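Have the sequence and the 3D view open as you read.

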Amino acid sequence: QLHNSIQELKGNIRVFCRVRPLLGDELYGSDGDIPHMAFTGEEHRTLELERLGEVSLSEGNGKYEFTFDRVFDPSTSQATVFEEISQLVQSALDGYNVCIFAYGQTGSGKTYTMEGPSVEDEENMGVISRALLQYEFEGSFLEIYNETIQDLLERHAADVKHDIKMTGTSGGDVMVTNLTTVQVTTENQITHLLKTASQNRAVGETQCNERSSRSHSVFRLKITGNNTITGETCKGTLNLVDLAGSERLKESGATGQRLKETQNINKSLSNLGMENHVPYRNSKLTYLLQNSLGGNSKTLMFVNVSPREDSFSETLNSLRFATKVN
Ligand code: ADP
Ligand code: MG
């Protein structure tokens, strides 16, 4: 019998909305305010949107309101975001399969939330580094692009082509063979690890510029730490997933596989917490994470949002999707 030490949460899935600040040219002629958004409600849980300018009849008054488990406004620091999720990281040690997703259109801040702006920027480290600093762990980092898995921690990814395969185990877990596993105990090692990953990504990027927005990164951690109830040393699994951009696919860009994959991700995310059958085998990502979606799992989805007014429709789409998940 597994116990959950932290307060019982509504279901096993939580959704946090995070709006990034306006940046660079986006700030031109503004004081950083986002005129079409308002952060309201008790305990920072509501995001109001208003379509400015011309509003079509079908949109009513052009006003929308979304409530999540938490809404982070653009001034929220990485440290504050991590504070809100560190309990979830801890519950991996209480026996849960924990999965944290970043969902949102390209440019909305998914990678910033997960990894931070750059490896050198220690103040703004993302979820991955912060989780790693708290626990002893063993981890692997992979990328799924076009249904092909790349090992992001491999030393010489350009020359070596290992045969990476996923296999189910008798315990129901999915194993990835030939994947580099690293043990990390120091901050330097974390920096090195994220650098290797970004170099390996860059190798792929030359083949396709859009790769980073069309691939999923999965950081898979086996953490070791103390169970909050028993005080015993436990091992748990934590998946940190930076999803492919959620933007609606332009017809020209959407190949059959890519479209199918997007539908699968959406389906598996919106089925979280429900008994519905998820077609896990239909995509590498859902197959890999099947044990962390449903059953004995806890899931957090960040819906990352761009403050740009010209992203209004995509934002609306993302928020509507995230509301369904919640
Ligand atoms: P995505 O991974 O969703 O495509 P990124 O994480 O790359 O988006 O973010 C796009 C840009 O915005 C990057 O330059 C990133 O550093 C910046 N950014 C994102 N979120 C924030 C934030 N909360 N504070 C400051 N800059 C941010
Ligand atoms: Mg990204």
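Why is strand β6 (residues 97-103) largely enclosed by the rest of the structure? In this predicted model, seven of the seven residues of β6 are buried, so the strand ends up largely enclosed. In a regular strand the side chains alternate between the two faces of the sheet.

β6 runs parallel to strand β13 (residues 233-242), with six bridges joining the two. Within that pairing, V98 has L238 of β13 as its bridge partner. β6 also pairs with strand β14 (residues 297-305), again in the parallel sense, over seven bridges. There, A102 stands opposite F302 of β14.

Now for another sheet. β2, β3 and β4 line up in that order as an open, antiparallel sheet of three strands. Its edges are β2 (37-40) and β4 (63-67), each of which pairs on one side only. On average, neighbouring strands here are turned by 20° against each other, direction ignored. Helix α8 (residues 312-325) lies across β2, β3 and β4, and runs at about 40° to β4.

The strand pairings, side by side:

| Strand pair | Sense | Bridges |
|---|---|---|
| β6 and β13 | parallel | six bridges |
| β6 and β14 | parallel | seven bridges |
| β3 and β4 | antiparallel | five bridges |

Note on methods:
Residues are numbered from 1 along each chain as its sequence is written. Chains are lettered from A and ligands numbered from 1 in the order in which they are written. This is a predicted model: local features need pLDDT of at least 70, side-chain atom pairs count only at pLDDT 80 or more; totals for chains, interfaces and linings use all residues. Side-chain values use heavy atoms; hydrogens and water are left out. Buried means under 20% relative accessible area, exposed over 50%, partly exposed in between (1.4 Å probe, protein chains only). Helices (H or I, at least four residues) and strands (E, at least two) are DSSP runs, numbered from the N terminus. Two strands pair if DSSP finds at least two bridges between them. Axes are lines fitted to C-alpha atoms, for helices over the stretch in contact, and angles run from 0 to 180 degrees between N-to-C directions. Contact means heavy atoms within 4.5 Å.
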